[in-house]
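Colleague: I would like to go through the labels attached to this model one at a time. For each, please set the value against the definition before concluding.

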Amino acid sequence: MKYKITHITKYAYSEAVPVCQNVVHLAPRALPHQMCDDFQLLIHPDPYSITHRKDYFGNNISFFSIDQPHTGLSVTATSQVSVMATPVIPPDSTPAWETISLALKSDQSPALLDAYQYVFQSPGVKLFPKLIDYAEVSFTKGRPILEAVLDLTTRIHKEFRYDPRATNVNTQIDEVYAQKHGVCQDFAHFQIGCLRILGLAARYVSGYLRTIPPPGKPRLVGADASHAWLSVYCGEKAGWIDVDPTNNVPASTDHITVAWGRDYYDVCPIQGTIVGGGEHRMTVSVDVAPEEPVTPAAK
C-alpha cells in the first residue's frame with residue numbers, strides 16, 4: 001500500500017515562550033518492506049536552526065530551536081510511504097522460546113548482541129514478579145516462540161480493555177496490569193515486560209495504523225492517531241516479528257513504522273524544553289490516507 005500521512009501537532013501557550021529546543025521522531029524508517037518516498041517537516045514559527053540525523057537506534061530524528069517569543073507552536077510532518085507485505089512465518093516453525101532466551105545470553109554474534117539490549121527493563125518497562133505468572137500461561141515448556149507470542153497477544157487483547165482515560169504517558173505496567181485498562185502504548189509496554197522477564201528480546205515500535213471506516217461511512221480526515229505495537233526477536237531465520245496486542249494481529253501493510261526503541265520514551269513523537277509559556281494546551285491530528293497498492297515484496 002502507498003500512503004500519504006499528515007501529522008499535525010499544535011501547542012498554545014498562555015504566556016510567551018522566548019526559546020524552545022525540540023527533538024522529533026516523525027519521519028518513517030526505511031525498511032526492507034517499507035520505503036519513505038518523501039518527508040517534509042513544516043514548523044511555525046520558523047526555527048532558528050534545524051538538523052536531521054539518525055539516533056542510536058537508527059531512527060530518523062530532527063532537532064530544531066526557536067529563539068523568538070511565541071505563544072503557539074505548530075509542527076506538521078507530511079510523509080509518503082510505501083508498505084509491502086512480508087512473508088508469513090508459520091508459528092510452529094520457529095524455535096522453542098527457551099532456545100532463543102539461552103542464545104540471547106550466550107551468543108555473541110552481531111545480530112544477537114543487537115537483540116540482547118532489548119532484554120532488560122527500561123524507564124517505561126519496569127519489571128515486576130507478577131509478569132512471570134502472566135507470561136508463563138502462554139510460554140509453556142518447549143513451545144515455539146512465535147506461537148507463544150501470538151497466544152500472549154490474544155490474551156492481552158481479550159483481558160485488557162482499551163480506555164484512553166485510564167492512563168497517561170507516565171503510567172507504569174504494574175498499574176496497567178492491576179486495572180486491566182489502557183491504550184496501545186500500555187498494551188505494548190505490558191507485553192514487552194512479559195517477554196523481557198523471560199529473557200526474550202522485545203522492542204517498542206511507534207508508527208501509524210490505517211483505520212477503515214464502517215461500511216457506508218466516509219473516512220474522517222484527521223481522525224487517525226499515532227499507534228504503538230512491539231517487535232519480538234524470534235531467532236536467526238524468522239528475525240524480528242511485529243505484533244499488535246491492541247488489535248490482536250501481526251503487523252501488516254496497515255502498519256507504518258516510524259521508530260523503535262526500548263519503550264515510548266526513546267521514540268516520543270515530539271519532546272523538548274521550553275522557557276516560560278505558563279499553561280499550555282496541545283492538540284494532535286493525524287491523517288493516514290491510502291493512495292494505491294504496491295507490488296508485494298519478493299520472498
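**Labels and their cut-offs**

Modeller: Helix H6 is mostly covered, since 13 of its 13 residues are buried, where buried means under 20% relative accessible area, exposed over 50% and partly exposed in between, with a 1.4 Å probe and protein chains only. This is a predicted model, in which local features need pLDDT of at least 70 and side-chain atom pairs count only at pLDDT 80 or more, while totals for chains, interfaces and linings use all residues. Residues are numbered from 1 along each chain as its sequence is written, and side-chain values use heavy atoms, with hydrogens and water left out.

Colleague: How do you know that the span of H6 agrees with its number of residues?

Modeller: H6 covers residues 184-196, helices (H or I, at least four residues) and strands (E, at least two) being DSSP runs numbered from the N terminus.

Colleague: What makes the pair of tyrosine 11 and tyrosine 13 stacked?

Modeller: The search of the whole structure finds 16 aromatic pairs, the rule being that rings of Phe, Tyr and Trp (its six-membered ring) pair if their centres lie within 6.5 Å, with planes under 30 degrees apart counted as stacked, over 60 as edge-to-face and the rest as tilted. For tyrosine 11 and tyrosine 13 the centres are 6.3 Å apart and the planes at 5°, so the pair is stacked. Tyrosine 11 counts as buried at 14% relative accessibility, and tyrosine 13 does at 9%.

Colleague: Why is the pair of tyrosine 134 and phenylalanine 160 called edge-to-face, and which parts does the pair tie together?

Modeller: The distance is 6.1 Å centre to centre and the angle between the planes is 85°, which is over the 60 degrees required for edge-to-face. Tyrosine 134 lies in helix H3 (residues 130-136) and phenylalanine 160 in the loop between helix H4 (145-159) and strand E7 (161-162), so the pair ties together parts that are 26 residues apart in sequence.

Colleague: What lies over the face of tyrosine 134?

Modeller: Arginine 155 does, at 4.1 Å from the ring centre; a charge sits over a ring if NZ of Lys or CZ of Arg is within 6 Å of the ring centre and within 35 degrees of the ring normal. The charged end of arginine 203 likewise sits over the ring of tryptophan 260, 3.8 Å from its centre.

Colleague: Why is threonine 257 called buried, and what is threonine 86 called?

Modeller: Threonine 257, in strand E13 (residues 255-261), has a relative accessible area of 3% and is therefore buried. Its contacts (heavy atoms within 4.5 Å) include Pro28, Trp229 and Asp242, not counting residues up to four places away in sequence. Threonine 86, in the loop between strand E6 (70-83) and helix H1 (97-106), has 44% and is therefore partly exposed.

Colleague: What makes E12 and E13 edge strands?

Modeller: Five strands form an open antiparallel sheet in the order E12-E11-E10-E9-E13, two strands being paired if DSSP finds at least two bridges between them. Strand E12 (249-250) and E13 each have a single partner strand, so one side of each is left without a neighbour in the sheet. Strand E11 (residues 240-244) and E12 pair over two bridges, and valine 243 has proline 250 as its bridge partner in E12.

Notes: Expected span 1.5 Å × (residues − 1).
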